[in-house]
Amino acid sequence: MESLCFHDGNITDLINKRSLHVRHDSGHGLQMHSSLLERMALERELEGHQGCVNAIAWNSKGSLLISGSDDTRMNIWSYSSRKLLHSIETGHTANIFCTKFVPETSDELVVSGAGDAEVRLFHLSHLKGRGAEDSGLTPSALFQCHTRRVKKIAVEVGNPHVVWSASEDGTVRQHDLREGASCPPAGSSRQECRNILLDLRCGAKKSLTDPPKQLFALKSCDISSTRPHLLLVGGSDAFARLYDRRMLPPLSSSQKKLPPPPCVSYFCPMHLSDRGRSSMHLTHVAFSPNGEEVLLSYSGEHVYLMDVNPAHGGSMPYTSGDVTNLMNFAPLLNGIELQSSVSGIFVNGSSSKRIPVTKPEKCKKLIQMAMKTLKEDSNFYYGIEACNEVLEGCRDDIGPFLTLECLCTRAAILLKRKWKNDAHMAIRDCHRARKLNSSSFRPLLLIADALSQLGKHKEALEFAIGAQPLAPSDSEVSLKVESIKDHIAAAEADKANKANGGESRSDPRAGRVLSLSDILYRSDANSDASQDGPRSEREDSDDDEELELAFETSISGDEGRDVDPDILHGSLNLRIHRRGDSTGETGRANGASGLPTSSQKEKAAYKPEAVIDMKQRYVGHCNVGTDIKQASFLGERGIFNFFNGFHADIHDYP
């Protein structure tokens, strides 16, 4: 009888190795062993804030925890006693979004950033002898040079003199605590601070092919602990950027807006790189403890793992041409189209190596189980996990036939499950299957199904027609071709009906004024709206309207005025822009609608950079309500990830 063990080994064996082999370092293996992780549970709820907790951070020893909240207070907690040591009234006038202990200061200095665009530094030694509630504290330093909300603070291991702040004003500022204790506020007549390390006020791009030219509202930043010259930032578009601080220009002021500096690498999952949606943005970026991987968390999206150096890992760089090739049929595969960087898909805390599989017989049983879930239209989770086990656990023990069968089965299950971006993952699996056997028609049909789900019916037809020579007598192929042709014909008829002034049969809202609810929750045939129901319909589409919605709250209220605790105070900013109308007016003003505009010339001259694709996708949580959502590595080796949002899940990857 085979014994079931964990993918990272038997914990008893690891303990025995520690006693038998003196030089064997088992500490890392025991620190976050999967058997211990599975027994993790809620230990204590720390109560002390009066508003949402937006940020938490440990000190270097793990003995103290700092938290920042909407109540504008910073709390210092003792881990050993699980008690509140100090509750600091920071003086911030808006929600605190980020807090940190400044390293190498014996946990005496803490820093905070908030929605009032301020960064404040506090000296905890001034609180000695006071109780937990007697914590009014004047900041040791006050930095007011940002013009919009400060969303993240970064510190460098071993450096007690400098902190960095990332703001929605599009800048990363470097605050040297040795140079001054404060700076002039925004709009001051005095000389403005020259502390802008990274100016991305013209750095955002809506898609891979668009040049960076819009405000890049920074949401997160991180500094590598192993190579502190590396700076990772993420914000209001789909691309995370890696910079080398040694290659950046000198510190500057905001009086002159600079073009975005070149970065070392862009990171973005391929299927998100050409969406062109203003709502697609990053909420958190993080380096792994060894600095070799990065983790990206998106708003209303999944979490993705990538390699800093793709040559040494499972990630792959790609260009805009690769994105096009992935969606278009090519009779002869040239390898460039085949992006095989995705090695597994994880759900609800399970991994592809929980149960080691070493025999082809077991692989066949797992594939049969996956096929059963596909046939019965149920238990898609178990079917995908079974395929993950085969593709990751015994990739060296099975031949190309079983691998192709498993890839196609997983793709078919993904297309039936229809979670966000499942269709894109299915396309990747099918291209890997085509690489194994270009004479099989099944991957082509599955790609056609996936493209149909994405609303790309013409591209789907190309793949379906491409499958006909491979299976001339198969009725499934013929039916698929005819079905896609019917979809295209219906779409053309609907388009012609619109052009003639008639109402679209497929859009019951045509001919009436769009409400705010229509814009927020509408469905787009060219997006993933069909994949996961009402939640995905909230995303921007390629229609003419763009919507920007921002809501800021602070339960502290205005000074000198009583605030009803049952009433939420805040401000609502709403901006709607119709692209189609402005484009038409520009064409008429130029008097030559057929000539390319200056923006078209700029786009044609811009050469998009190569981008690093994802290595893993983690699903099971989604947060579209706030930007307070993080994805972090757990443990010194970083072999586990912790996700914080509306749901918190723990996932393991090989």
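The structure is a predicted model, in which local features need pLDDT of at least 70 and side-chain atom pairs count only at pLDDT 80 or more, whereas totals for chains, interfaces and linings use all residues. Residues are numbered from 1 along each chain as its sequence is written, and side-chain values use heavy atoms, with hydrogens and water left out.

The protein contains 14 helices and 28 strands, where helices (H or I, at least four residues) and strands (E, at least two) are DSSP runs numbered from the N terminus. Of its 654 residues, 48% are buried, a term that stands for under 20% relative accessible area, with exposed meaning over 50% and partly exposed the range in between (1.4 Å probe, protein chains only). The protein exposes about 31300 Å², and carbon and sulfur atoms supply 52% of that area; accessible areas come from the Shrake-Rupley method with a 1.4 Å probe, and for residues only the protein chains shown count as cover. Among the contacts with a separation of 6 or more, 61% join residues 24 or more positions apart, a contact being heavy atoms within 4.5 Å.

Helix α6 (residues 380–393) has 14 residues and should span 20 Å at 1.5 Å a residue, and its end C-alpha atoms are 19 Å apart, which agrees; the expected span is 1.5 Å times one less than the number of residues in the helix. Because 11 of the 14 residues of α6 are buried, the helix is largely enclosed by the rest of the structure. The buried residues of α6 include Phe-380, Ile-384, Cys-387, Val-390 and Leu-391, and also Glu-385, Glu-389 and Glu-392.

Helix α9 (residues 442–453) reaches 17 Å from its first C-alpha to its last, close to the 16 Å expected for its 12 residues. Nine of the 12 residues of α9 are buried, so α9 too is largely enclosed by the rest of the structure. Among the buried residues of α9 are Leu-444, Leu-445, Leu-446 and Ile-447, together with Gln-453. The buried residues of α9 pack against α4 (320–327), α7 (400–417), α8 (422–436), α10 (457–467) and α11 (475–499). Just after α9, Gly-455 takes a positive phi of about 80 degrees.

One of the helices that α9 packs against, α8, holds Asp-429. Asp-429 counts as buried because its relative accessibility is 2%. Leaving aside neighbours within four places in sequence, Asp-429 is in contact with Leu-407, Arg-410, Ala-411 and Leu-414.

The structure also holds one cavity of 30 Å³ or more. A cavity is here a set of points, on a 1 Å grid over the protein atoms alone, where a 1.4 Å probe fits but cannot get out, and lining residues have an atom within 4 Å of a point. About 80 Å³ of space lies in the largest cavity; grid points are joined across faces, edges and corners, and the volume is the space filled by probe spheres set on the points. Its lining includes Lys-151, Lys-152, Thr-283, His-284, Asp-627 and Gln-630, and β9 (150–155) and β17 (282–287) each supply at least two of the lining residues. The lining divides into two nonpolar, four polar and five charged residues, where Ala, Val, Leu, Ile, Met, Phe, Trp, Tyr, Cys and Pro count as nonpolar, Asp, Glu, Lys and Arg as charged, and the others, Gly among them, as polar.

Gln-630, one of these lining residues, lies in strand β26 (residues 630–634) and is buried, with a relative accessible area of 18%. Gln-630 and Leu-282 are 348 residues apart in sequence, yet their C-alpha atoms are 9.9 Å apart in space.

Tyr-606 sits in the loop between α14 (598–605) and β24 (611–612), and is buried, with a relative accessible area of 15%. Not counting residues up to four places away in sequence, Tyr-606 touches Lys-205, Leu-208, Thr-209, Asp-210, Pro-211 and Pro-212.

Two loop residues remain to be considered. Thr-72, in the loop between β2 (64–69) and β3 (73–78), has a positive phi of about 65 degrees although it is not a glycine, and Ser-106, in the loop between β5 (96–101) and β6 (109–114), likewise has a positive phi, of about 55 degrees, without being a glycine. Thr-72 is buried, with a relative accessible area of 3%, whereas Ser-106 is exposed, with a relative accessible area of 65%.

Technical notes
On a 1 Å grid over the protein atoms alone, a cavity is a set of points where a 1.4 Å probe fits but cannot get out, and a pocket is an open set with protein on both sides within 12 Å along at least five of seven lines; lining residues have an atom within 4 Å of a point.
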